Amino acid sequence: MMTLLEQHTSAWRRRNTFPHIKAAGKVVPLGERAEACLQEVTPRTATPPVVRKFLNSTRPEAGVIRVFFGKANDPDIASTLVHGISTRPSITSGSLINPQPLTRYQERLRELQEAVYDRKQRAPLGRSQAKGPGLPDWIDPEKTAFGVKSRLPCNAGEIINPPKTAGQVEEEAQEGHEQYVRSHSSYFVGERADRRYNQSTYSKDSRFGVSTPHRNDGHNVSRSLQWLGDMQMNYSAKLVSKQCDDFRERTQPQIGKVHDPIADTLRVPADHTFGVLLPPDKFGAGDLLHSTPPSEHVRGQDRRRALVSAVRQHLKKANFHNFASLLQAFRHYDKKGQGKIDKEDLRDVCRQLNLDLSGDVLDGLMDYCDVDKDGLINFLEFANFLNWKDKMPISKAEQRILTRGRNACSAPANIQRVELQSSGSEKQAWSESLAKPEDLEPVEVGSTLKTPRTLCRTRAESDRFVTTSSFISAVVGGLSTTDYRTYGVPSARTDLPAPRIKRISDRTNYGDEATAYDLLYPTLHSLFGVHEKHFFSPRSKDEMLQIFRNVGLRVSEQMFEEAWKLASMRHPTGEVCVESFRNVLKELQAN
């Protein structure tokens, strides 16, 4: 217990030493204590009705139906409203299980009701319905018919197939259709509505009304898909801080600019190039693939090749417009009458056509046209590379001149010939022909006009390829590479037969895959699913005839039988493939 001295001391400490000065701080009113806050106020404050109707539609209490605030004060009619008609059961379950006994009168009424029900039932086809009680006993219900027999104006056959012509039936149908159109405005599908316009001043393709403006670029559709507010936002300027814009230009790639993140720190001229400048190679990828010798590299000769191509086109055009045939043009070029064109003859003709060629371009033109590399241009090379041979066919008279031995009169009359030495080789050259019969091909099948065959400029193949493997053990007395063990899968396999249907998941190499040459130079028929093996597969006679008919080649039966017989004789077992039959047929048509 606190002593009297302690009580006096504590009271003295709590005394108000300055009663005339107001105390600082917030005065807490009486009653706002934790105890008063924790006590429940009773009764609870009632929610106003105006607020309650909004709360019932947004946050209803548990077990209360959500009511829209617009219907809060409406009378409750749905709970007392009943729809439909109140029904009463016609029979109870007790009377159905244990029915009351019927009197004789009720049984007779029941029999009459059953008879009426049976009378309404349909009888089998071809028989009349038994009417039951109500008819005399002496009447047979199955054989007796009542009423008067009526005669129909026509039978079913006349209705289905009327005795009228097709024109009469069509005319009656058209009249009925016109009346139906006038009464119901009903037309056939696709029938044009006749509004009885005066079409004397209008054509069939005329249109009525005002044409609606239309733009094919989809401008109107774009305007309908984009709202006006979105368009204004796209067109309005967007404000971006300069700091963010500079950071974006430095760190993100910009359209039309090179991404250089160190452009601010690296101070170099705009045309500065980094790295070491290497001279371009004298050969390309094509030269490596074809093993072209260094003397035939085309890299760096683009200008020379373009000049040679332009000179060739100019000579082709001049020969086509100035000469009537290939033989006449060749005679003009052959100044010396030796049956071939040398470099001097080609230079003279070019000067006559106002083409002053340099020695380099003339050598390139001569090298391009000289396929056999003998230093001269023969008739076949002249027709392929300096003329449009497809537009200048060779007639029968010119064919005889080209295929027979040449004489001194083959050169033009107005050209001064050079006297030839009477050596044995030159005498033999005079007796040779300008073209062989097999060098002339018909323009069309069965035509007498012919054209020189097409020459192909092939690449020269190297006699010996030097690879890194050829230097391995390339010493005198070393082991031969033929004794080395072979690794990998062979290209042509005989140990595994290829399946008839190959699945996508099957990764096994059966030796029927394409080679590197097929990948670099795919054939035209491979684009349509026809590969090389299909040309060398044996075919039957009917299948072969159907294949050539499908490609549009029409041959007589006699020629087909002859070609089939010759093609089967060329194979040891008598098999015929598409390639062998095509070669035989080509030889027969050429002869």
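Guide: The account below turns to helix H14 and then to a residue in another helix. This is a predicted model, in which local features need pLDDT of at least 70, side-chain atom pairs count only at pLDDT 80 or more, and totals for chains, interfaces and linings use all residues. Residues are numbered from 1 along each chain as its sequence is written, and side-chain values use heavy atoms, with hydrogens and water left out.

Helix H14 covers residues 343-352, and Asp345, Leu346, Val349 and Cys350 are buried in it. Buried means under 20% relative accessible area, with a 1.4 Å probe and protein chains only. Helices are DSSP runs (H or I) of at least four residues, numbered from the N terminus. Viewed down the axis of H14, the buried residues fall within an arc of 135°, so they line one face of the helix; the arc is that of the directions from the helix axis to the C-beta atoms. These residues pack against helices H12 (302-322), H13 (326-333) and H15 (359-369). After H14 comes Asn354, with a positive phi near 60°.

Helix H17, residues 396-403, holds Glu398. Glu398 is buried yet has no salt bridge, a salt bridge being a side-chain nitrogen of Lys or Arg within 4 Å of a carboxyl oxygen of Asp or Glu. The nearest side chain of opposite charge to Glu398 is Arg331, 8.1 Å away; Lys and Arg count as positive and Asp and Glu as negative, while His and the chain ends are not counted. Leaving aside residues up to four places away in sequence, Glu398 touches Ser325, Leu327 and Pro393, where contact means heavy atoms within 4.5 Å.

Definitions and conventions:
Buried < 20%, exposed > 50% of the residue type's maximum accessible area, 1.4 Å probe, protein only. Helix = DSSP H or I, 4+ residues; strand = E, 2+ residues; numbered from the N terminus.
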